[in-house]
Amino acid sequence: MHNKLASKHLPVKPYSTGRTVPVRELHAGHRKEILQHLLQLNAEDRRLRFGTQTPDEVIQRYVERLDFNKDTIFGVFDLNLRLIGMAHLAYLPKIEGQVRAAEFGVSVLPVGRSLGVGTALLQRSAVHSRNTCIKNLHVHCLSSNKAMMHLAQKAGMSIEYAHGDADAYLKLLPANPSTIVQEAANVQWADMDYALKENLKRSNQAWWWFLGKPKLAP
Ligand SMILES: CC(C)(COP(=O)(O)OP(=O)(O)OC[C@H]1O[C@@H](n2cnc3c(N)ncnc32)[C@H](O)[C@@H]1OP(=O)(O)O)[C@@H](O)C(=O)NCCC(=O)NCCS
């Protein structure tokens, strides 16, 4: 199968939108946004994301324990700087004689789905993995998770099934100058996008303070 994400010429455009989705690396200061994002997922989405029923307290503990020095968390923000998509790239422990691997987990709020956000998070994570010497990218999901299976297949991942679970693997090529430049360009683009949205939000708030917030049509 053609391995789109592992190939030399990584696609930068998400398929459905025809434009690049800015993906930002998150830090410990984003814990509140991450928590809010995950708490907005309904019971079924939480089951698909974490593989089991996941009450609020478990999500709270998961967010508190996120280690931003060890793992990498990526996010996509909407115009109001709401975190509509996030991916957790967890580096698996080094095992003697085995290639380095990372696990990818992702969630997109229903309002942001089918716009290429999940694809962009997977692409960004794959490029970052290559640039940090990861050779295998794993996704563990339920085989009933049609959207995630579709994303994995589209990325050229090999999929193994067992007991209703699916393990998708993407073998990654080593980093090269193009992946380094691609990641640097993504960082710049996402920073610029965030700054623009921040300014827009501030100026909107200033106008609303003067004029009153416009009421949305029912
Ligand atoms: C899986 C998930 C991250 C996808 O996010 P997204 O932003 O909608 O992803 P994209 O828009 O990049 O791509 C979705 C693709 O799946 C397709 N899709 C969506 N629902 C589908 C379904 N039920 N069956 C088949 N394909 C489906 C879309 O048409 C789109 O395909 P295309 O790009 O070829 O048009 C999102 O649905 C989600 O957060 N689900 C809940 C949590 C979860 O399942 N996480 C994954 C386990 S770690």
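1. G212 comes directly after helix α6 and has a positive phi, near 90°. Note that this is a predicted model, and the values below should be read with that in mind.

2. Helix α6 itself covers residues 177–211, which is 35 residues. From its first C-alpha to its last, α6 reaches 51 Å, close to the 51 Å expected at 1.5 Å a residue.

3. Which residues of α6 are buried? They are T179, Q182, N186 and A190. The cover over these buried residues of α6 includes α4 and β1 (24–25).

4. On overall layout, the protein has 6 helices and 7 strands. Their order along the sequence is β-α-α-α-β-β-β-α-β-α-β-β-α. Among contacts in the protein with a separation of 6 or more, 67% join residues 24 or more positions apart. Of the 218 residues, 28% count as buried.

5. In soluble globular proteins, nonpolar side chains tend to be buried together. Here, the largest nonpolar core holds 37 residues, and V76, F104 and L121 touch the most other members. Elements giving two or more residues to this core are the helices α1 (31–39), α4 (117–131) and α5 (146–154), together with the strands β2 (72–77), β3 (83–91), β4 (101–108), β5 (136–142) and β7 (165–171). The most comes from α4, with 6 residues.

6. F104 deserves a separate look. Leaving out residues up to four places away in sequence, F104 touches A87, L89, L122, S125, L137, H138 and V139.

7. How many residues surround the ligand? There are 25, and the closest are L48, R113, G118, T119 and K146. At least two residues of this shell come from each of α2 (43–50), β4, α4 and α5. The largest share is that of α5, with 6 residues. By residue type, the shell around the ligand has 11 nonpolar, 9 polar and 5 charged members.

8. On confidence, the mean pLDDT of the protein is 89, and 89% of its residues reach 70 or more. The stretch to treat separately is residues 1–17, over which pLDDT stays under 50. For residues 1–17 the model has 42 contacts beyond four places in sequence.

Note on methods: Residues numbered from 1 in each chain as written. Predicted model: local features only at pLDDT ≥ 70, side-chain atom pairs only at ≥ 80, totals over all residues. Core = buried A, V, L, I, M, F, W, Y, C linked by C-beta atoms within 7 Å. Buried ≥ 20, exposed ≤ 12 C-beta atoms within 10 Å, placed from the backbone. Helix = DSSP H or I, 4+ residues; strand = E, 2+ residues; numbered from the N terminus. Contact = placed C-beta atoms within 7 Å. Near = placed C-beta within 6 Å. Nonpolar A, V, L, I, M, F, W, Y, C, P; charged D, E, K, R; others polar. pLDDT = per-residue confidence, 0-100. Expected span 1.5 Å × (residues − 1).
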